[in-house]
Amino acid sequence: MRARFLKAALLFLAAMLILAGCASGAKQQSSTDNSGGASGKAALKVAYYVNGTLGDKGFFDSAQAGLEKAKKDLGIDLKTVEGGTNQADWAAGLESLVSGGKYEVIVAGTSQMKEIAIDIAKRYPNQKFIFFDEMIKDVPNLYSMLYSQSEGSFLAGAFAALVTTSTELPGANPDKVIGFVGGMDIPIINDFKAGYEQGAQYVDKDVKVIASYVGDFSNAPKAKELGLAQYNTQNVDISYNVAGGAGLGLLEAGKEVGKYSIGVDGNQNPLYPGSVLTSMMKNIDQSIYRALELHIQGKLAYGTNEVLGIKEGGVGLAEDDLYKQHVPKSIQEKMAEISKKLSSGEIQVKSIMQ
């Protein structure tokens with residue numbers, strides 16, 4: 001009897017040990033799932049360095065939107081750092097993200113960061129960089145993409161010329177004069193201007209472009225002052241914002257005096273409906289999302305660069321419901337025709353960047 005009892009006790013103890021082992025295994029699997037999914041793979045760690053601040057309703061915000069979409073759809077672990085407007089802080093700010101080795105991919109952009117990014121990328125060859133809005137060559141750990149702002153601005157210039165010669169828009173005057181407000185007098189901004197002038201000349205060779213520069217990309221009051229001068233004293237009836245966050249002042253000026261403007265980078269039409277008639281879109285959000293998706297798939301070609309134009313969906317005009325509501329049908333139809341000719345290559349735009 002005693003032997004049978006001892007045998008039963010041992011069997012019970014063995015069963016308890018097996019159950020405990022199963023429970024431990026289940027707990028360990030649950031922990032693995034929480035940290036990186038069934039495959040056990042950790043989320044891609046990405047840092048975005050903003051050489052400025054968010055809230056520009058265009059350039060930097062568009063990049064952030066693409067990263068937020070990647071966070072939602074692709075499951076990346078995202079950190080965004082706003083570097084502020086003091087350029088002296090940018091190099092140290094970007095390097096602080098790199099030196100810790102916490103992020104697999106660093107995202108940064110703008111022509112003002114080009115030399116900083118090249119220097120840091122060369123000193124940290126194991127760090128991967130995705131750089132937007134500039135062309136960088138021969139850096140093996142850096143992929144860059146440049147948007148064909150000259151093509152997009154050709155559309156903006158053609159649109160502005162059609163507006164200034166229109167008899168259907170109450171804010172248009174008889175003078176064939178259009179405006180341009182740039183952030184700084186630098187090559188990439190002047191590439192916008194070159195495309196803008198070519199587009200205007202394509203529609204009407206008598207159209208004149210008045211160009212003004214803020215001196216930075218953050219001084220909205222200065223941009224508003226320049227815009228008001230164009231509208232009130234230089235016979236401009238539509239002006240093009242190429243000044244980032246500063247350019248919001250130009251859009252405000254257009255609304256204030258009952259004239260027109262063209263937004264930039266993101267869709268700025270909703271800011272002042274009926275005054276901001278369209279926006280030249282750099283599809284920064286889509287391009288950054290695409291680059292991260294390719295990285296995750298192991299297909300992003302570091303050490304190379306791409307130019308994204310109208311054909312590739314890199315640039316274009318914002319043709320939302322507000323555009324359809326406030327822009328005369330005749331202008332919409334003409335712009336569709338011009339866009340098609342650009343996409344097919346029938347119209348060639350000269351860029352000063354190439």
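How many residues apart in helix 2 are Asp73 and Lys69, and by about what part of the helix are they separated? Asp73 and Lys69 are four residues apart in helix 2, which spans residues 59-73, and about one helical turn separates them. In this predicted model, the two side chains form a salt bridge whose closest N and O atoms are 2.8 Å apart. Asp73 is partly exposed at a relative accessible area of 39%, and Lys69 is likewise partly exposed, at 42%.

A search of the whole structure finds 13 salt bridges, among them the pair formed by Asp77 and Lys45.

Arg290 forms a salt bridge with Glu306; because Arg290 lies in helix 9 (residues 284-296) and Glu306 in strand 11 (residues 305-308), the pair ties together parts that are 16 residues apart in sequence. Arg290 is partly exposed, with a relative accessible area of 33%, and Glu306 counts as partly exposed at 26%.

| Salt bridge | Closest N and O atoms |
|---|---|
| Asp73 and Lys69 | 2.8 Å |
| Asp77 and Lys45 | 2.9 Å |
| Arg290 and Glu306 | 3.1 Å |

Beyond these pairs, a network of salt bridges links Glu95, Asp119 and Arg123.

Conventions: Residues numbered from 1 in each chain as written. Predicted model: local features only at pLDDT ≥ 70, side-chain atom pairs only at ≥ 80, totals over all residues. Heavy atoms only, no water. Salt bridge = Lys/Arg side-chain N within 4 Å of Asp/Glu carboxyl O. Helix = DSSP H or I, 4+ residues; strand = E, 2+ residues; numbered from the N terminus. Buried < 20%, exposed > 50% of the residue type's maximum accessible area, 1.4 Å probe, protein only.
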